[in-house]
Amino acid sequence: MTLTKGFSFSKYIAYAFLIILCLLWVLPVIFGISTSFRSQTEVVSTGFRLFPEAFVLENYSTILSNTSTAPIMRWLMNSVVIAVSHTLLVVLVISLTGYGYSRMKFKGRDALFFTLLGISFFPNVVNLIPSYKIIDMLGWVNTAWAMIIPGLAGMGNLFLVRQFMLGVPQEFDESARVDGANDFRIYVSIILPLMKPILIVCGLFSFVGSWNDFLWPVIVYTDVDKMPVTAGLLLLQDIYGNYRMIGQLVGSAILAMIPTLLLFAFAQKYFIQSINLNSGIKG
Amino acid sequence: MKKAITPYLFVGPHLILFIVFILLPTIYGIYASFTQWNLMNDPQWVGLANYKTILFDTESTFHTQFLNGLKNTLLFVLLSVPLLIVLPLMAAVALQHKYVRAKGLMQSILYVPGLISISAAALIWLLIFNKQLGVTNNIFGSEAAWQATQPYAWIIIIVMTIWGGLGGNLIIYRASLAGVARDLYEAAEIDGAGSYRKFFSITLPSINFPLIYTFVMTTAGAFNVFGQPLMMTDGGPRQSTHVLMMYIRSLAFGHGESIAGMASAMAVLLGIVILIISALQYYVMNRSAR
């Protein structure tokens with residue numbers, strides 16, 4: 001038994017599989033980045049290359065100087081405003097509401113929570129069209145509100161916060177209550193610090209989800225100056241047409257993916273370990 | 001008195017948001033499916049007419065669109081979901097191997113594409129499958145115009161989907177595998193069980209719940225497919241990758257007058273399909289696990 005462990009055959013199978021998979025996963029991004037630094041003439045004349053012959057910034061200067069048909073800096077700014085405001089509001093709403101559903105006592109609390117959760121399981125393709133109508137009635141079409149507010153109604157994050165709080169001993173808030181602290185005081189000084197790990201995780205996923213949302217922005221934005229970058233990229237295939245300007249197309253895509261990748265670089269452990277906070281799924 | 005109100009100050013704001021942005025639109029979406037509606041004027045009640053047209057009127061374009069969209073959506077589900085379960089599970093098992101190094105790095109590489117938006121990812125994958133400039137045609141000598149020929153159009157959609165979707169399920173399986181008790185494996189080794197035997201008798205049963213969860217969620221997500229075919233093939237060639245969500249969107253929000261009632265009926269039908277399939281999956285898997 002111990003002898004065979006030394007040149008464990010399964011190790012090489014595992015390595016071979018993982019290395020091939022990782023190469024397939026990372027090469028598209030590297031190829032995209034390198035193409036964005038190749039000149040148009042080089043791309044057309046020499047076809048595929050993994051690395052540029054001459055490293056040029058011309059694609060990016062072209063992309064950034066287009067402020068009319070494809071104002072990418074504007075799109076990125078719109079996305080930042082939307083994703084940041086949405087994330088902050090998500091954290092506020094789920095912490096307040098999560099405190100309510102996990103710690104406060106009121107009649108029918110759990111019944112209400114599970115009723116909402118049950119309703120939220122209904123496939124949301126059904127509410128898509130009326131949601132647009134509501135946004136239209138509120139005057140939010142082509143505004144950032146259309147993407148900041150509706151997502152706050154979701155039950156997913158709230159479920160995670162409630163689950164998390166059920167696993168946190170009630171001693172801390174109980175003793176504060178005995179000392180005469182009111183609910184708002186308990187929320188601010190005791191519950192928020194306790195919730196921090198789950199709020200960070202929900203916040204990160206809300207940011208990424210909001211940044212990458214595609215179907216909804218494609219529906220609610222028609223104004224080129226108001227849309228987020230994901231919806232903007234859909235227009236690019238027409239604007240930088242049919243791969244004659246391939247560097248501009250890919251360069252725009254690279255710019256659009258930088259924020260979430262940066263977030264991952266700084267908060268990697270929260271993304272990867274997020275699932276440990278969600279013991280319901282882990283099983 | 002004051003005490004009775006405070007809980008509602010905490011849960012109230014979310015409750016209002018829930019009613020306005022989930023409950024009302026869901027009810028209205030079902031109601032609208034029984035009406036003729038252009039999103040502007042009041043909907044006109046037409047009873048089951050939309051459903052009759054969509055399901056049975058073979059003359060109607062709505063009928064052909066629905067059948068084609070549903071067929072393509074189902075095809076996407078059947079092609080993508082098994083790969084989105086099996087590949088992450090294989091990767092998780094491989095990463096679990098005790099002699100494999102650089103686990104964190106490899107896991108991150110596999111996870112990162114999930115953080116890239118569909119539209120950005122599609123632009124990169126279109127470059128890779130580009131006929132003149134792409135990797136596939138230059139290195140592998142393929143002559144195919146990938147976007148415009150079947151089965152290649154489906155292949156590029158599925159490849160891009162697996163690339164983006166593997167990481168999410170991977171970290172769920174990784175966390176679950178880490179929780180499987182070591183002594184079970186040790187006991188099995190003493191009894192002389194091989195790797196396959198250990199995988200099927202210990203690993204799979206132990207991660208039963210995460211498997212059901214990912215299977216149901218991945219399938220429900222796949223039924224809502226929209227971005228990949230829209231960006232990669234725009235539904236072509238000859239509408240063979242035109243999925244149901246694309247028809248629903250273009251009927252309700254496309255050029256010309258909105259046909260939101262008909263689109264709502266298609267949305268309700270898609271919702272019913274998702275509900276039935278999720279319930280079946282949960283029931284069958286939960287049962288066979290016991």
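This section describes the architecture of a predicted model containing chains A and B.

Chain B comprises 13 helices and two strands. Its C-alpha atoms occupy a box of roughly 75 × 70 × 35 Å along the principal axes. Of the 290 residues in chain B, 42% are buried. Among the contacts in chain B with a separation of 6 or more, 69% involve residues 24 or more positions apart.

The interface between the chains brings 81 residues of chain B into contact with 72 residues of chain A. On the chain B side, helix H1 (residues 2-32) supplies the largest share, 18 residues. By class, the side of chain B that touches chain A consists of 59 nonpolar residues, 21 polar residues and one charged residue.

Both chains carry transmembrane annotations from UniProt. For chain A, an unreviewed entry assigns the label "transmembrane region" to residues 12-33, 75-99, 111-132, 144-165, 186-208 and 245-267. In the model, residues 12-33 of chain A are 100% helix and 0% strand, with 31 Å between the end C-alpha atoms. Residues 186-208 of chain A are likewise 100% helix and 0% strand, and the end C-alpha atoms of that span lie 30 Å apart. For chain B, the annotation, also from an unreviewed entry, covers residues 7-31, 74-96, 108-128, 152-172, 207-226 and 259-284. Residues 108-128 of chain B are 71% helix and 0% strand, and their end C-alpha atoms are separated by 22 Å.

Chain A is divided into domain 1 (2-56) and domain 2 (71-282). The centres of these domains, taken over C-alpha atoms, are 33 Å apart. Contact between them involves seven residues of domain 1 and seven residues of domain 2. On the domain 1 side, helix H2 (9-36) and helix H3 (40-46) of chain A each provide at least two residues. The largest share, four residues, comes from H2(A). The domain 1 side of this contact contains two nonpolar, four polar and one charged residues.

The buried positions of H9(A) are A:Asn157, A:Leu158, A:Phe159, A:Leu160, A:Val161, A:Arg162, A:Phe164 and A:Met165. They pack against helix H5 (72-103), helix H6 (109-120) and helix H11 (183-212) of chain A. In chain B, 11 of the 11 residues of helix H5 (residues 118-128) are buried, and H5(B) is therefore largely enclosed by the rest of the structure. The buried residues of H5(B) include B:Trp125, B:Ser119 and B:Ile128.

A helix pair within chain B was also characterised. The axes of helix H3 (residues 61-96) and helix H10 (residues 208-223) of chain B come within 9 Å and cross at roughly 145°. The crossing of H3(B) and H10(B) is right-handed. H3(B) contributes B:Thr73, B:Phe76, B:Val77, B:Ser80, B:Val81, B:Leu84 and B:Ile85 to the contact, while H10(B) contributes B:Thr214, B:Phe215, B:Thr218, B:Thr219, B:Ala222 and B:Phe223. Eight of the contact residues are nonpolar, five are polar and none is charged.

Several local backbone features were identified. Most residues other than glycine have a negative phi, and most peptide bonds are trans. In chain B, a cis peptide bond with omega of about 5° joins B:Gln150 and B:Pro151. B:Pro151 lies in the loop between helix H6 (135-139) and helix H7 (152-178) of chain B. Another cis peptide bond, with omega of about -5°, links B:Gly236 to B:Pro237. B:Pro237 is located in the loop between helix H11 (227-232) and helix H12 (244-253) of chain B. B:Asp234 also lies in the loop between H11 and H12 of chain B. Its phi is positive, near 55°. B:Asp234 has 14 other C-beta atoms within 10 Å and is partly exposed. In chain A, phi of A:Asn142 is positive, near 65°. A:Asn142 is found in the loop between helix H7 (128-137) and helix H8 (145-148) of chain A. With 16 C-beta neighbours inside 10 Å, A:Asn142 is partly exposed.

Terms used
Residues numbered from 1 in each chain as written. Chains lettered and ligands numbered in written order. Predicted model: local features only at pLDDT ≥ 70, side-chain atom pairs only at ≥ 80, totals over all residues. Contact = placed C-beta atoms within 7 Å. Nonpolar A, V, L, I, M, F, W, Y, C, P; charged D, E, K, R; others polar. UniProt positions renumbered as here; feature names shortened; annotations may be inferred. Axes fitted to C-alpha atoms, helices over the stretch in contact; angles between N-to-C directions. Left-handed = near helix turned anticlockwise from the far one by under 90°. Buried ≥ 20, exposed ≤ 12 C-beta atoms within 10 Å, placed from the backbone. Domains from an automatic or database assignment.
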